Amino acid sequence: MLSQDEMVAVLLDVHIVEATLKTLESNSKRIEKQEYYNKMFAKHGTTKEQFDHSLEWYSHHPNRLVAIYDEVKIQAEQLQ
């Protein structure tokens, strides 16, 4: 289970990866896209499975998930 702080960091990078992938050519291979995610999860010392499990848990605790996304928004705005 990822902590709230870990979820903020991973979710921020998930959104960055997703934005990056949208800018890639539409014919990019799925493997190349998955590599972005694999590197991002490795950066945070987690796996897609751990992230998915944590996101599912937080989705059942909406107050905590809202707090996480509030912090993701703040950090994303700071990156701009």
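Guide: A helix here is a DSSP run of H or I with at least four residues, numbered from the N terminus. Read that way, Asp70 lies in helix H4. Keep in mind that this is a predicted model.

Visitor: How many helices and strands does the chain come to?

Guide: Four helices and zero strands. Starting at the N terminus, the order of elements is α-α-α-α. Along the principal axes, the C-alpha atoms fill a box of roughly 40 × 30 × 20 Å.

Visitor: What share of the residues of the chain count as buried?

Guide: 26% of the 80 residues.

Visitor: Now helix packing. At what angle do the axes of H1 and H4 cross?

Guide: Look at two things: how far apart the axes are, and how they are turned. H1 covers residues 4-23 and H4 covers residues 62-79. Their axes come within 9 Å and cross at roughly 55°. That angle makes H1 oblique to H4. The crossing of H1 past H4 is right-handed.

Visitor: Which residues of H1 and H4 make the contact?

Guide: On H1, they are Gln4, Met7, Val8, Leu11, Leu12, His15 and Ile16. On H4, they are Arg64, Ala67, Ile68, Tyr69, Glu71, Val72, Gln75, Ala76 and Leu79. Sort them by type, and this H1 and H4 contact has eleven nonpolar, three polar and two charged residues.

Visitor: And at what angle do H3 and H4 pack?

Guide: About 120°, with the axes 6 Å apart. H3 brings Leu55, Trp57, Tyr58 and Ser59. H4 meets them with Pro62, Arg64, Leu65 and Ile68. By type, the H3 and H4 contact holds six nonpolar residues, one polar and one charged.

Visitor: Next, the core. How many residues has the largest nonpolar core?

Guide: Think of a core as buried nonpolar residues joined through their side chains. The largest one here has 17 residues. Met7, Val10, Met40, Phe51 and Ile68 have the most contacts inside it. H1, H2 (30-43), H3 (48-59) and H4 each give two or more residues to this core. H1 supplies the largest share, eight residues.

Visitor: Take Val10. Which residues is Val10 in contact with, leaving aside neighbours within four places in sequence?

Guide: Leu2, Met40, Phe41, His44, Thr46 and Phe51.

Visitor: What part of the contacts with a separation of 6 or more joins residues 24 or more positions apart?

Guide: Such pairs account for 69% of those contacts.

Terms used
Residues numbered from 1 in each chain as written. Predicted model: local features only at pLDDT ≥ 70, side-chain atom pairs only at ≥ 80, totals over all residues. Heavy atoms only, no water. Axes fitted to C-alpha atoms, helices over the stretch in contact; angles between N-to-C directions. Parallel < 35°, antiparallel > 145°, perpendicular 65-115°, else oblique. Left-handed = near helix turned anticlockwise from the far one by under 90°. Contact = heavy atoms within 4.5 Å. Nonpolar A, V, L, I, M, F, W, Y, C, P; charged D, E, K, R; others polar. Core = buried A, V, L, I, M, F, W, Y, C linked by side-chain atoms within 4.5 Å. Buried < 20%, exposed > 50% of the residue type's maximum accessible area, 1.4 Å probe, protein only.
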